[in-house]
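User: I am new to protein models and would like to learn how to read one feature at a time. Could you take me through this one slowly?

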Amino acid sequence: MKLKLTALAVLAAFGMSAQAADVTVAGSYIQLGVGNNGTLINTTTGAGLRFDPTGTAPFFAGAADYTYPGTPFSFFSVGVGSAWDVNGGLVGGASSNPLGMSTVDLSGGAGFPFVLSSMGTFGGLTIMQTLSFQPGWSKVHADVSLFNTTSSAIRGVTYAVGLDPDQGVAGGAGFSTTNTVLTRSGVAAAVQAVSTNGYSIVLQGVSGTINNVWAGSAYAGGAASGGVWEQDPTLLATALSPLDGIPFADANIYLGYDVGTIAAGGTASLSYDYVL
């Protein structure tokens, strides 16, 4: 399959063999745990997305962690028509991997923190994701490719990504954050969550071969999200996606991508940043 060839080409370019597992990579400001399922949670070591604003990298267990405290919650989901599935989140748990992703740390070959998750499949699509950042950055960049490996066009493709930002917990500021949709739709859609002790995260779209992107925040107990942090890309990628309007809550933040149609043998690409 095209994706497998692409992923293997990346591995070959860095001169490394594939050893799939949960991984953790770090720079000066960020320590990032990535599960074998491609979400921002390493359940093996208990590392999520940790941030040190001083840039001196004391990433101890009590450091500000955006995804691991409480119920660890980081997800991405893929839909085709009305069908969909999700890695991570609440449906199957933080380490759930129904899409069949496989994660490797390629930082040694790249010369900077670089994690490849690939070989996932759903509805005739194969999925590849890279997460990377320069050592001095205070953001993580994500690139996602969806490959149509069939001989027919695949219509109604959607994708969503999100997390429950709990960065205030380690500092005694609790689980709730002030959640603000900065840009509701468009390729640069963005949503921000800020804890009461001042730690911020912005989930922001960057680019994509897509129809549209929607940003929002879904409250765990809100009617719009059905009583859970919403993960359904067929909902999150529409104008009807949850926007609970609860400015301070223990809520998730998300981007929902209306990818549309991917031609036979074609690829859709999208990218976004986690800005701390």
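This is a predicted model: local features need pLDDT of at least 70, side-chain atom pairs count only at pLDDT 80 or more; totals for chains, interfaces and linings use all residues.

User: How many bridges join strand E9 to strand E17, and in which direction do the two run?

Analyst: Nine bridges join strand E9, residues 139-148, to strand E17, residues 267-275, and the two strands run antiparallel.

User: Where do E9 and E17 sit in the order of the sheet?

Analyst: The sheet is open and has nine strands, in the order E6-E7-E8-E9-E17-E13-E12-E11-E15, with antiparallel pairing, so that you can read E9 and E17 as neighbours in that order. At its edges are strand E6 (102-105) and strand E15 (248-249), each of which pairs on one side only.

User: What do E4 and E5 form, and how many residues lie between them?

Analyst: Strands E4 and E5 form a hairpin with two residues between them, and in the turn glycine 81 has a positive phi of about 65 degrees. Six bridges join E4 to strand E5 (residues 83-88), and these strands run antiparallel. To follow one of the bridges, look at serine 77, whose partner in E5 is valine 86.

User: What describes a pair of aromatic rings?

Analyst: A pair of aromatic rings is described by two values, the distance of the centres and the angle of the planes. In this model the count comes to eight aromatic pairs. One of them is formed by tyrosine 257 and tyrosine 272, which lie 6.3 Å centre to centre with 40 degrees between the planes, a pair that is tilted. This pair links distant parts of the chain, since tyrosine 257 is in strand E16 (residues 251-262) and tyrosine 272 is in strand E17, 15 residues apart. Both tyrosine 257 and tyrosine 272 are buried.

User: Why is the pair of tyrosine 272 and tyrosine 274 edge-to-face?

Analyst: The ring centres of tyrosine 272 and tyrosine 274 are 5.8 Å apart and the planes stand at 75 degrees, so the pair counts as edge-to-face. Tyrosine 274 is buried, as is tyrosine 272. Ring pairs also link Phe76, Tyr159, Tyr257, Tyr272 and Tyr274 into a cluster.

User: Now a charged residue: is aspartate 52 buried or exposed, and what is the nearest side chain of opposite charge?

Analyst: Aspartate 52 is buried yet has no salt bridge, and the nearest side chain of opposite charge, that of arginine 50, is 12 Å away. Aspartate 52 is found in the loop between strand E3 (49-51) and strand E4 (74-80). Its side chain has a polar contact of 2.8 Å with the side chain of threonine 54, and the side chain of aspartate 52 also reaches the backbone nitrogen of alanine 57 at 2.8 Å. Not counting residues up to four places away in sequence, aspartate 52 touches Ser28, Tyr29, Ala57, Pro58 and Phe59.

User: Why does aspartate 65 count as buried?

Analyst: Aspartate 65 counts as buried because its relative accessibility is 4%, and the cut-off for buried is under 20%. Aspartate 65 is found in the loop between E3 and E4. Its side chain has a polar atom 3.1 Å from the backbone nitrogen of threonine 67, and the side chain of aspartate 65 reaches the backbone nitrogen of tyrosine 68 at 3.2 Å. Leaving aside neighbours within four places in sequence, the contacts of aspartate 65 include Gly46, Leu49, Arg50 and Asp166.

How values were computed. Residues are numbered from 1 along each chain as its sequence is written. Side-chain values use heavy atoms; hydrogens and water are left out. Helices (H or I, at least four residues) and strands (E, at least two) are DSSP runs, numbered from the N terminus. Buried means under 20% relative accessible area, exposed over 50%, partly exposed in between (1.4 Å probe, protein chains only). Lys and Arg count as positive and Asp and Glu as negative; His and the chain ends are not counted. A salt bridge is a side-chain nitrogen of Lys or Arg within 4 Å of a carboxyl oxygen of Asp or Glu. A polar contact is a pair of N or O atoms within 3.5 Å; within protein, one must be able to donate a hydrogen and the other to accept it, and residues adjacent in sequence count only if both atoms are side-chain atoms. Contact means heavy atoms within 4.5 Å. Two strands pair if DSSP finds at least two bridges between them. Rings of Phe, Tyr and Trp (its six-membered ring) pair if their centres lie within 6.5 Å; planes under 30 degrees apart count as stacked, over 60 as edge-to-face and the rest as tilted.
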